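I went through its backbone, its sheet and its packing in turn.

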Amino acid sequence: MTTRPAAPRGPRTAGDAEGTPLRTTHDINDRIVRLVPEGARVLDLGCGDGALLERLQRERGCTGYGVEIADGNVLQCVRRGVDVIQLNLDEGLSMFEDASFDVVLQIDTLQHLRNAEIMLRETARVGRIGIVAFPNFAHWPNRLSILQGRMPVTRRLPYQWYDTPNIRVGTFRDFDALARKNRLRVLDAFGVQHGREVRWLPNLRAATAVFKFERD
């Protein structure tokens, strides 16, 4: 078995006719790859065109599956030799058993889900370790836009308020609070800005938040 500045197209929900450009991971893939243990069995939720999974297979000796709904992305995964399951993530992960993967990834996926908190818990259930990355709405340029009375439009959030595919907005600190609420132990957390890790004031200084966690 095998989700604008031009961005790769990522997972979409069942109501989207053409798919939604979601995954903009060029700046963060290097950081994600380093967080995944060698030889890990990986489930990539909203895997887009499969580029990250292909890289994990090639560089880290990983195995596993991507989950994607957009037809074009599924085809790209197949062409890359990435095993992919075509599935709407809002339907959940009931097909997977507890701890059936070493690592479950949600890279630029969480903010597009209607059932974001449930999917976070499912990520921790299905994987021994979960890794999420999402746009940090508290990044200082976004705060400045809000102070000026406008919704932010940035390289990381390149949409107007009326056509954005992001149905959730969250911050570094928001996710930290959500993890505590759901009894998730954060193993590592940092921001990414221009491809570099930001560990000092990441909620203010980084466009992307990255968390690695496990069930408490």
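Entry 1: In which loop is R183 found? I worked from a predicted model, and I located R183 in the loop between α6 and β6. I looked up its phi because most residues other than glycine have a negative value. Phi of R183 is near 55°, which is positive, and the residue is not a glycine. Is R183 buried or exposed? Its relative accessibility is 62%, and exposed means over 50%, so I noted R183 as exposed.

I then turned to L201, whose phi is near 50°, again a positive value in a residue other than glycine. L201 belongs to the loop between β7 and α7 (202-205). With a relative accessible area of 41%, L201 is partly exposed.

**Entry 2: the sheet.** I traced an open sheet of eight strands and wrote down the order β3-β2-β1-β4-β5-β8-β6-β7. The pairing is mixed. Which strands are at the edges? I found β3 (84-86) and β7 (196-198) there, each pairing on one side only. From one strand to the next, the twist averages 25°.

Strand β6 (residues 184-193) pairs with β7 in the antiparallel sense, over three bridges. Opposite R196 in β7 I found Q193.

**Entry 3: helices across the sheet.** I looked up two helices against the strands. Helix α3 (residues 71-80) lies across β2 (63-68) and β3, and runs at about 160° to β3. Helix α6 (residues 172-181) lies across β5 (127-135), β6 and β8 (208-215). The angle of α6 to β6 is about 170°.

**Entry 4: nonpolar cores.** Which residues touch the most other members of the largest nonpolar core? I noted L43, L45 and F175, in a core of 26 residues. Two or more residues each come from β1 (41-45), β4 (101-107), α4 (116-126), β5, α6 and β8. Helix α4 gives the most, with five residues.

I listed the contacts of F175, leaving aside its neighbours within four places in sequence. They are L110, L120, V132, F134, F211 and F213. Apart from this core I recorded another, of 25 residues, including I32, V33, L35 and V74.

Notes. Residues numbered from 1 in each chain as written. Predicted model: local features only at pLDDT ≥ 70, side-chain atom pairs only at ≥ 80, totals over all residues. Heavy atoms only, no water. Pairing = 2+ DSSP bridges. Helix = DSSP H or I, 4+ residues; strand = E, 2+ residues; numbered from the N terminus. Axes fitted to C-alpha atoms, helices over the stretch in contact; angles between N-to-C directions. Contact = heavy atoms within 4.5 Å. Core = buried A, V, L, I, M, F, W, Y, C linked by side-chain atoms within 4.5 Å. Buried < 20%, exposed > 50% of the residue type's maximum accessible area, 1.4 Å probe, protein only.
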